[in-house]
Amino acid sequence: QVQLVESGGGSVQAEGSLRLSCAASEYTYSSYCMGWFRHAPGKLREGVATIDSDGSTSYADSVKGRFTISKDNAKNTLYLQMNSLKPEDTAMYYCAADRSLWRCDLSVVAGGDFGYWGQGTQVTVSS
């Protein structure tokens with residue numbers, strides 16, 4: 001059973017930066033598709049970014065050029081560097097993992113395809 005624990009959320013002003021981390025309970029990153037998702041009140045859950053076992057990445061259009069997903073296999077940790085934050089980025093952010101996906105890309109996978117989830121970390125961006 002993979003356990004994921006997010007950290008790094010907080011409150012920032014617009015144009016600020018945050019880095020989210022997701023620590024895994026076991027060695028997942030070499031063979032798992034990893035992703036960041038977010039859920040804001042009144043909105044549908046949205047895929048933010050994914051990173052495959054080979055390091056290939058995908059991003060939602062709304063965060064391209066501002067967010068960067070990365071991983072440190074030695075530390076079993078996933079990251080999401082968020083720059084130029086906007087109020088509309090305010091949401092609960094979750095990391096997710098799965099090793100059964102045929103393709104690790106937001107254009108073909110959604111949150112429901114991931115089997116393991118963290119508890120979430122809140123990001124609040126004020127204008």
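This is a predicted model: local features need pLDDT of at least 70, side-chain atom pairs count only at pLDDT 80 or more; totals for chains, interfaces and linings use all residues.
## Charged pairs and ring pairs

Searching the whole structure turns up five aromatic pairs, where rings of Phe, Tyr and Trp (its six-membered ring) pair if their centres lie within 6.5 Å. Residues are numbered from 1 along each chain as its sequence is written, and side-chain values use heavy atoms, with hydrogens and water left out.

**Aromatic rings**

- A pair of aromatic rings is described by the distance of the centres and the angle of the planes.
- Phe-37 and Phe-114 have ring centres 5.2 Å apart and planes at 70°, so they count as edge-to-face (planes over 60 degrees apart; under 30 is stacked and the rest are tilted).
- Phe-37 sits in strand β4 and Phe-114 in the loop between β9 and β10 (116-117), so this pair ties together parts 77 residues apart in sequence; strands (E, at least two residues) are DSSP runs, numbered from the N terminus.
- Phe-37 is buried, at 2% relative accessible area, and Phe-114 is buried too, at 5% (buried means under 20%, exposed over 50%, partly exposed in between, with a 1.4 Å probe and protein chains only).
- Tyr-94 and Trp-117 make another edge-to-face pair, 6.4 Å centre to centre with 75° between the planes.
- That pair links distant parts of the chain, with Tyr-94 in strand β9 and Trp-117 in strand β10, 23 residues apart.
- Tyr-94 is partly exposed at 21%, and so is Trp-117 at 27%.
- Put together, Phe-37, Tyr-94, Phe-114 and Trp-117 form one aromatic cluster.

**Salt bridges**

- Arg-38 pairs up with Asp-89, and their closest N and O atoms are 2.9 Å apart.
- Arg-38 belongs to strand β4 (residues 33-39) and Asp-89 to the loop between β8 (77-82) and β9 (91-98), so the bridge ties together parts 51 residues apart in sequence.
- Both partners are buried: Arg-38 has a relative accessible area of 6%, and Asp-89 has 0%.
- Arg-38 and Asp-89 also belong to a salt-bridge network with Glu-46 and Arg-66.
- Lys-64 meets Asp-61 at 3.2 Å, N to O, and Asp-61 is exposed at 67%.
- Arg-103 bridges to Asp-105 at 3.9 Å between the closest N and O atoms; Arg-103 is partly exposed at 40%, whereas Asp-105 is buried at 16%.

Technical notes. A salt bridge is a side-chain nitrogen of Lys or Arg within 4 Å of a carboxyl oxygen of Asp or Glu. Helices (H or I, at least four residues) and strands (E, at least two) are DSSP runs, numbered from the N terminus.
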